[in-house]
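Subject: Structure for you to look at

Hello,

Here is the structure I promised to pass on. Please open it first, then read my notes below.

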Amino acid sequence: MLAIATVIGACSPGLKRPSLAPQVTSAGVRFSLLHANAKSVALAASFNQWSAVSHPLSRVLTSAIWEVVVPLPPGEHLFMFVIDGTQWVTPPLADDFVDDGFGAKNGVVVVPPIER
Amino acid sequence: MKLTAALVLVATLGLTPELAAQSVSASEREALVKLRVERGGQAEDVDALIRQADEAAAKGLPSAPLTNKIREGLAKGHDPKRIEPIVRQMRTQLETADQLMREFDRDAAGPARDASLVLLAESLGGGVTANDVRELRKQAQAPGKPSLTSDGLANAAKGLSFITEAKLPVTEGTSLVAEAVRQGFRAHEVLELGREIKRRERDFIAGRSTLREVRAAIARGDRPEQLFRGRAEPVERPAAMRPATPDRPERPARPERPARPERPERPERPAAR
């Protein structure tokens, strides 16, 4: 029921929905993707040498939302999602996007410096 | 002092400075080969790519951005022949950035220099030219203030590259970024300023905002958080990436509709009277 509510919340205009943009939290950066049909989703990024296996996302309960939280140092990090181990997709939302040189776009997440 | 320490380290390890520069390690090489072989290629396919990184390292340039790009290309399944020119271009940008750093800050060394060099090279990749960097440095130098550091210059150049990526005039962008540096914006604030302008590129292109206005506000003493206050929030991604409805989650594909059965032809109406 909660899962259904989450998905409805994510889809219904007017209701508050969880942002699917990368979010900097105290535990790290939360990366999210909404994908109903994926069997697996992984985060491939400049910080994990573009590994399609080292940072798998987990389904949030039984919803279509996939998530992973990764502690990252301040700076700019490039990333994409890998669906079912083979399909590389540009994140729908990010702080910025840059050409990857191969005809696709990498998402960019910016981790701000820690204020002293 | 740092140079002396580095020379002592090189001497202790018995390495020439060229070899001491970080090159592609055996484990990294193995990982790149594995990626290629897993996708049906040959181990030697990656030789030309690794050579680019090795040669960069031999010149004292940081090779990590190059090996990361090689990894990215191979992981995404691209042919090494397609990856090679991209890596070569990145190497050229690193070399140009290195020459610029030598012009401006001969004493810089170590990881901090490498970080600045990589940032400067990225800005060159974003469309800023070496002459733009020289001009930026000239304008950003406030009279009577200490020289701009390599880090400060690299961040300013990267900030400018966001403006050039947004296809806004580089001359005005240079003046704006230089003003921000002179006004004491911190390195990450200059970066974020450039990024914010890029996010709002449609406002600038449509003339709803101008780089001159923003520069004037900075010159008046506005801080980064004040510059865009009260203005509409930008969309979260470039126009080209935006679907018809922003931020709409992906939907499962609709099942195809069955074809509509053809209607029987209407009998002709009698003419109205």
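What percentage of the 116 residues of chain A count as buried? The value is 33%. A residue is buried if 20 or more other C-beta atoms lie within 10 Å of its own, exposed if 12 or fewer, and partly exposed in between, with C-beta atoms placed from the backbone.

Some ground rules. This is a predicted model, where local features need pLDDT of at least 70, side-chain atom pairs count only at pLDDT 80 or more, and totals for chains, interfaces and linings use all residues. Residues are numbered from 1 along each chain as its sequence is written, while chains are lettered from A and ligands numbered from 1 in the order in which they are written.

Chain A

Chain A has one helix and nine strands. Helices (H or I, at least four residues) and strands (E, at least two) are DSSP runs, numbered from the N terminus. Along the sequence the pattern is α-β-β-β-β-β-β-β-β-β. Take the contacts in chain A between residues at least 6 apart in sequence: 57% of them join residues at least 24 apart. Two residues are in contact if their C-beta atoms, placed from the backbone, lie within 7 Å.

Look at Trp50(A). It sits in the loop between strand 3 (41-45) and strand 4 (58-59) of chain A. Its phi is positive, about 60°, although Trp50(A) is not a glycine. Trp50(A) counts as buried because it has 25 C-beta neighbours inside 10 Å.

Next, Ala104(A). This residue is in the loop between strand 8 (96-99) and strand 9 (105-111) of chain A. Ala104(A) has 14 C-beta neighbours inside 10 Å, so it counts as partly exposed. Leaving aside neighbours within four places in sequence, Ala104(A) is in contact with Trp88(A) and Thr90(A). Met80(A) is 24 residues from Ala104(A) in sequence, and their C-alpha atoms are 9.9 Å apart.

Chain B

Chain B is divided into domain 1 (13-104) and domain 2 (112-233). These bounds come from an automatic or database domain assignment. The domain centres, taken over C-alpha atoms, are 30 Å apart. In chain B, 11 residues of domain 1 are in contact with 14 residues of domain 2. On the domain 1 side, helix 6 (residues 80-104) of chain B gives the largest share, nine residues.

Now two helix pairs. Helix 4 (residues 47-58) and helix 5 (residues 64-75) of chain B pack at about 170°, with axes 9 Å apart. Axes are lines fitted to C-alpha atoms, for helices over the stretch in contact, and angles run from 0 to 180 degrees between N-to-C directions. Helix 4 and helix 5 of chain B are therefore roughly antiparallel (under 35 degrees counts as roughly parallel, over 145 as roughly antiparallel, 65 to 115 as roughly perpendicular and the rest as oblique). Helix 4 of chain B brings Leu49(B), Gln52(B), Ala53(B) and Ala56(B) to the contact, and helix 5 of chain B brings Leu66(B), Thr67(B) and Ile70(B).

Helix 8 (residues 130-140) and helix 9 (residues 150-165) of chain B pack at about 115°, with axes 10 Å apart. Asp132(B), Val133(B), Leu136(B), Arg137(B) and Ala140(B) of helix 8 meet Leu153(B), Ala156(B), Ala157(B) and Leu160(B) of helix 9 in chain B.

Last, Lys167(B). It lies in the loop between helix 9 and helix 10 (170-182) of chain B. Lys167(B) is exposed, with 12 other C-beta atoms within 10 Å.

Best wishes
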